[in-house]
Amino acid sequence: MTFVVTEPCVKCKYTDCVDVCPVDCFHEGENFLVINPEECIDCVLCVTECPVDAIYAEDDVPEAFMSYIELNAELAKRWPVIDHSIPPPGDAAMWAGLEDKTRYLIK
Ligand code: SF4
Ligand code: F3S
């Protein structure tokens, strides 16, 4: 199994999740993070760190976010690893809780 970053992360990118990951399997895009399914060891530590509840176990991903399973696998192959947290975007709080943010995802 693996854990998956989903739509709530788009334009929020708080990166609290990164600091607890023991195997550095987060990869950074311009306005979203993904998890490399080949590296994730299912430790669950990142799930409660995310202020916007963007991270799910692969088997529990909500129907509306199913496309993110493939997106995480695909984008992790070409985005760089991020191994420490960085400041979130200045308007992250404004985007938290908004729905239908997938159209803003920059790949
Ligand atoms: Fe990293 Fe554990 Fe989260 Fe997987 S479940 S991304 S290993 S912190
Ligand atoms: Fe995104 Fe949540 Fe991590 S907003 S960067 S999955 S802490």
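This is a predicted model: local features need pLDDT of at least 70, side-chain atom pairs count only at pLDDT 80 or more; totals for chains, interfaces and linings use all residues.

Trainee: OK. How many helices and strands does the chain have?
Mentor: There are three helices and four strands in the chain. Read from the N terminus, the order is β-α-β-β-β-α-α.

Trainee: And where is Gly90 found?
Mentor: Gly90 is in the loop that links helix 2 (67-75) to helix 3 (92-95).

Trainee: Is Gly90 buried or exposed?
Mentor: Gly90 is exposed, because its relative accessible area is 90% and the cut-off for exposed is over 50%.

Trainee: Let's switch to the whole chain. Why does a radius of gyration of 12 Å agree with a compact globule?
Mentor: Because a compact globule with 107 residues would have a radius near 13 Å, and the chain's 12 Å agrees with that. The C-alpha trace spans about 30 × 30 × 25 Å along its principal axes.

Trainee: What share of the chain is buried?
Mentor: Buried residues account for 42% of the 107 residues.

Trainee: And the contacts, what share join residues at least 24 apart?
Mentor: Take the contacts between residues at least 6 apart in sequence: 77% of them join residues at least 24 apart.

Trainee: Is Leu105 buried or exposed?
Mentor: Leu105 is buried, because its relative accessible area is 11% and the cut-off for buried is under 20%.

Trainee: Which residues is Leu105 in contact with?
Mentor: Setting aside neighbours within four places in sequence, Leu105 is in contact with Val10, Asn31, Phe32, Tyr68, Leu71 and Trp79.

Trainee: What about the other end? Where is Thr2?
Mentor: Thr2 is in the segment before strand 1 (3-5). Thr2 counts as buried, at 5% relative accessibility.

Trainee: What is Thr2 in contact with?
Mentor: Beyond its neighbours within four places in sequence, its contacts are Ile35, Asn36, Pro37, Cys40, Asp42, Tyr56, Ala57 and Glu58.

Trainee: I also clicked on Ile69. How far is Ile69 from Thr2?
Mentor: C-alpha to C-alpha, Ile69 and Thr2 are 9.1 Å apart, and they are 67 residues apart in sequence. Ile69 lies in helix 2 and is partly exposed, with a relative accessible area of 22%.

Trainee: And the contacts of Ile69?
Mentor: Apart from neighbours within four places in sequence, Ile69 is in contact with Val4, Glu58 and Val61. Glu58 is also in contact with Thr2.

Trainee: What is phi of Val44?
Mentor: Phi of Val44 is near 75 degrees, again positive in a residue other than glycine. Val44 is in the loop between strand 3 and strand 4, and it is partly exposed, with a relative accessible area of 43%.

Trainee: Now the ligands. What surrounds ligand 1?
Mentor: Val44 is one of the residues around ligand 1, and others include Phe3, Cys21, Cys25, Ile35, Cys40, Cys43 and Cys46. By class, the shell has 12 nonpolar residues, no polar and no charged.

Trainee: And where does ligand 1 sit?
Mentor: Ligand 1 sits in the second largest cavity. The largest cavity holds ligand 2.

Trainee: Which residues come nearest to ligand 2?
Mentor: Of the 13 residues around ligand 2, Cys9, Tyr14, Thr15, Cys17 and Cys50 come nearest. The shell divides into 10 nonpolar, one polar and two charged residues.

Methods
Residues are numbered from 1 along each chain as its sequence is written. Chains are lettered from A and ligands numbered from 1 in the order in which they are written. Side-chain values use heavy atoms; hydrogens and water are left out. A residue is near a molecule or strand if one of its heavy atoms lies within 4 Å of it. On a 1 Å grid over the protein atoms alone, a cavity is a set of points where a 1.4 Å probe fits but cannot get out, and a pocket is an open set with protein on both sides within 12 Å along at least five of seven lines; lining residues have an atom within 4 Å of a point. A molecule sits in a cavity or pocket if more than half of its atoms lie within 2 Å of its grid points. Ala, Val, Leu, Ile, Met, Phe, Trp, Tyr, Cys and Pro count as nonpolar, Asp, Glu, Lys and Arg as charged, and the others, Gly among them, as polar. Helices (H or I, at least four residues) and strands (E, at least two) are DSSP runs, numbered from the N terminus. The radius of gyration is taken over C-alpha atoms; the globule rule is 2.2 Å times the number of residues to the power 0.38. Buried means under 20% relative accessible area, exposed over 50%, partly exposed in between (1.4 Å probe, protein chains only). Contact means heavy atoms within 4.5 Å.
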